[in-house]
Amino acid sequence: MNTPNRRSVLLGGAAAAGLVAVGVGTPALAAPDRTLTYPFTLGVASGDPSADGVVLWTRLAQDPLALDGLGGMPNRTLPVLWQVAADERFRHVVRTGVEWARPESAHSVHVELAGLRPGAEYFYRFRVQEHVSETGRTRTAPAPHSLTGALTMSFASCSHFGEGFFTAYRRLAEDHPDLVLHLGDYQYEYAGKAADVRAVVGPETRTIADYRLRHAQYKSDPDLRLAHQVAPWLIVFDDHEVENNWADDVPEAPDPEFPARRAAAFQAYYENMPLRRTARPRGQDMQLFRRVRWGALANFHMLDTRQYRTDQACGDGTKVDCADRLDAARTLTGAAQERWLLDGLRTSRARWDVLGQQVFFAQRDLTAGEKQGFSMDAWDGYKASRDKVAAGLATARNGVVLTGDVHRHWAGDVKENFDNPESRNVAVELVTTSITSTGDGGEDTNATVLAENPHLKFYKNRRGYVRTRITAKELRADFRVLPHVRTAGAEATTAATFVVEDRGHTLHQA
């Protein structure tokens, strides 16, 4: 395969040659009604790559901000042609087909591909009537036993539309990653507020129409669309995709309508993400935890730390001397997911085992002095659950925990016993800051908390993302930051770089 020029993809310019010919000879596309305006306003995306395939996604919306959440689309099923090619100009089309965009699924389209070459780059696009989408770039995972080459993987979290511009997504896209992980809070449920720098459309999300509209507004952002366009994503939710700090069937505040709200949020989440059909919700249940293999280099264990957790201890928040957090019966993952994860770590033959998950894993004492104060929403509120997972990570050749949620960059070592600084390291944790949530940030050092937690080695209160380069010999992580997000267009710089050597289990600043 020739090495493609990615410049036109990054600039949003699908190759012009051959676009008119897309769909010629496909009777299913010869619909008599030609009244649609351009329906690909929400962009294109791909996700969950395997060695021979990937999921392609789009959702049709003539009017993304239509208040009923249906994107201004007609109330009928529409045929959508898709194409996959080995080159950006579609001279070598390798797969083509028709998928149906149905009104009951908000005219979303999920195409699950198989039979592609492992470790290969592909380009894809969609067509409805005379309208052709932008071109997306994706790739398959390497062959199962392949350990050659490097993986550039970036991960992000917490993008609040009203609190800033999504410039960090554009900077992430400009790095040409092979894979992107999003660790939750992709969208926020809140209504707009006076301090927002961009208007949030609609009320606090509670109904299927509300959630569909909110997702559509987010994907109307060109920087987010670009980040989806350039690489496949692995996606898991946290709390704000439904509501703040929900825990299984327990809402933040008593709400008899919460089961219906959760089901609506899950339905809209599936409709708007490049997920496989195994993730299709069934009422208020959704199978989201899964394992994605990147050859023999890495296993990505994508966790769901919301749907099966015990309610937060001691009334949630940061608490001192909360004995309930030590209860052995408390779980963050649920029993079935815990068994799945520990079995996967125990039997893994990958060079790196990576947990893609949501909330702070390492112990983080937030109270100065002899007393210890912990966040009840993080793994600190579920100590027995964390101890089991940490023991599982110790069985892996190289364990890495990726985290979002806290709107700050952090990096640290995962200890066998956090109360003993001399105990051995069993893994490392890399925590990404937010894309926009809490605004620009500042230059505070958080020195008191770092001093209380010697296993935590880095903190930065700016917005951005983390870029990693993973090889058989090392993992290198660049903590990328932007000086501002309340105005658009900031450049990204690297605040710090850490390296983890094969079998090292320790972060070293480069």
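Which strands does helix α7 (residues 383-394) lie across? The views below take up this and related points. The structure is a predicted model, in which local features need pLDDT of at least 70 and side-chain atom pairs count only at pLDDT 80 or more, while totals for chains, interfaces and linings use all residues. Residues are numbered from 1 along each chain as its sequence is written, and side-chain values use heavy atoms, with hydrogens and water left out.

**View 1. Helix α7 lies across β15, β17 (399-403) and β19.** The helix runs at about 110° to β19, where angles run from 0 to 180 degrees between the N-to-C directions of axes fitted to C-alpha atoms, for helices over the stretch in contact (heavy atoms within 4.5 Å). Helices (H or I, at least four residues) and strands (E, at least two) are DSSP runs, numbered from the N terminus.

**View 2. Seven strands form an open sheet with mixed pairing, in the order β12-β13-β15-β17-β19-β18-β20.** Two strands pair if DSSP finds at least two bridges between them. The edge strands, β12 (290-294) and β20 (456-460), each pair on one side only.

**View 3. Leu355 is found in strand β15 (residues 352-356).** Leu355 is buried, with a relative accessible area of 0%, where buried means under 20%, exposed over 50% and partly exposed in between (1.4 Å probe, protein chains only). Leaving aside residues up to four places away in sequence, Leu355 touches several residues, including His301, Leu341, Val389 and Val401. Leu355 and Gly399 are 44 residues apart in sequence, yet their C-alpha atoms are 7.9 Å apart in space.
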